[in-house]
Amino acid sequence: MDSVGTLPPDALSRAVVEIEKHVSSAGWDQPAQLFALVPTADLLRAEPNLAAELGAEDASQPLTPVAQGELPGGVEDDRLADTLGRIEWPDGVAGCALAIERIVLPAAAESGLSSVESDAELARLAGSDPRRHEVRMVAAVLREGTRFGAVRLRAHDEDGAVLTGVDLVPTLCEVLSLTFEPSVRSGEGPGVDGMSDEEKRP
């Protein structure tokens, strides 16, 4: 596959907007979802039947998101990097995206929770804080380094209120970029869906 280097500049942002709308159409309180981003032109050439199944009958959308299902393992902030760091992608995958819901607190509220030791207690306190915002974040990265993100607030659940930008979810994008780092393991190649055999085991 050789279309990765010929993607238009807005390919990633368009893919993020598409993913965000797709995930949002199913409502809130969803698990984290991972997507492979495949150049549509390559997909049409190599897998025309799959392309049609994914709704990518033409190359008007430069990147086609391919859902990978729920993330294996934990997706809490302290385990997310480890979980994603064990995922590898085949060469034909140009990028990846993650849609995840979080509770966000203002800085003043977060400082008051610094002494809480239990994750369960922290989640309970954050979830009951009247200053909280429930958000859905979509972060995406390309293998060559381009990044883009989108954020939807549950309190403003409208397509026109979705925030987008290159530096909107930098930490999540940084973690996602780990999936394109060279593997330090030997003999554990990626599966057909971009996840290693280790990740597929329950």
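Six bridges join strands E1 and E2, and the two run antiparallel. One of the residue pairings here is Ala36 with its bridge partner Val66 in E2. The model is a predicted one.

**The sheet**

E1 also pairs with E3, again in the antiparallel sense, over five bridges. Here Leu37 has Gly95 in E3 as its bridge partner. E3 in turn pairs with E4 over 10 bridges, antiparallel.

What holds strands of a sheet together? Strands pair through backbone hydrogen bonds, in either a parallel or an antiparallel way.

**Strand E1**

How many of the residues of E1 are buried? Seven of the seven are, so the strand is largely enclosed by the rest of the structure. Its side chains split into two sets. Gln33, Phe35, Leu37 and Pro39 point one way. Leu34, Ala36 and Val38 point the other way. Both sets are buried.

Pro62 sits in the loop between helix H3 (48-53) and E2. Is Pro62 buried or exposed? Its relative accessible area is 11%, under the 20% limit, so Pro62 counts as buried. Beyond its neighbours within four places in sequence, Pro62 is in contact with Leu7, Pro8, Ala11, Arg14, Val38, Pro39 and Thr40. Two of these, Val38 and Pro39, are also among the buried residues of E1. Leu37 is 25 residues from Pro62 along the chain, and the two C-alpha atoms are separated by 9.6 Å.

Asp29 belongs to the loop between helix H1 (11-24) and strand E1 (33-39). Its phi is positive, about 60°, although Asp29 is not a glycine. Asp29 is exposed, because its relative accessibility of 59% is over the 50% limit.

**Salt bridges**

The count of salt bridges comes to 10. Three of them are set out below.

| Pair | N to O distance | Relative accessibility |
|---|---|---|
| Arg14 and Asp10 | 3.8 Å | Arg14 31%, Asp10 34% |
| Asp42 and Arg45 | 2.5 Å | Asp42 2%, Arg45 54% |
| Arg136 and Glu101 | 3.3 Å | Arg136 1%, Glu101 18% |

Take Arg14 and Asp10. Arg14 is partly exposed, and Asp10 is partly exposed too. Arg14 is also one of the contacts of Pro62.

Asp42 and Arg45 both belong to helix H2 (residues 40-46). They lie three residues apart, about one turn of the helix. Which of the two is buried, and which exposed? Asp42 is buried, whereas Arg45 is exposed.

The side chains of Arg136 and Glu101 also meet in a salt bridge. This pair links distant parts of the chain, with Arg136 in strand E4 (residues 133-142) and Glu101 in strand E3 (residues 95-104). The two are 35 residues apart. Arg136 is buried, and Glu101 is buried as well. Their strands, E3 and E4, are the ones that pair over 10 bridges.

Salt bridges also form a network, which links Glu20, Arg152, Asp157 and Asp159.

**Around the rings**

Over which face does Arg136 lie? That of Trp28, with 4.2 Å to the ring centre. As for pairs of aromatic rings, the count comes to one.

Note on methods. Residues are numbered from 1 along each chain as its sequence is written. This is a predicted model: local features need pLDDT of at least 70, side-chain atom pairs count only at pLDDT 80 or more; totals for chains, interfaces and linings use all residues. Side-chain values use heavy atoms; hydrogens and water are left out. Helices (H or I, at least four residues) and strands (E, at least two) are DSSP runs, numbered from the N terminus. Buried means under 20% relative accessible area, exposed over 50%, partly exposed in between (1.4 Å probe, protein chains only). A salt bridge is a side-chain nitrogen of Lys or Arg within 4 Å of a carboxyl oxygen of Asp or Glu. Two strands pair if DSSP finds at least two bridges between them. Rings of Phe, Tyr and Trp (its six-membered ring) pair if their centres lie within 6.5 Å; planes under 30 degrees apart count as stacked, over 60 as edge-to-face and the rest as tilted. A charge sits over a ring if NZ of Lys or CZ of Arg is within 6 Å of the ring centre and within 35 degrees of the ring normal. Contact means heavy atoms within 4.5 Å.
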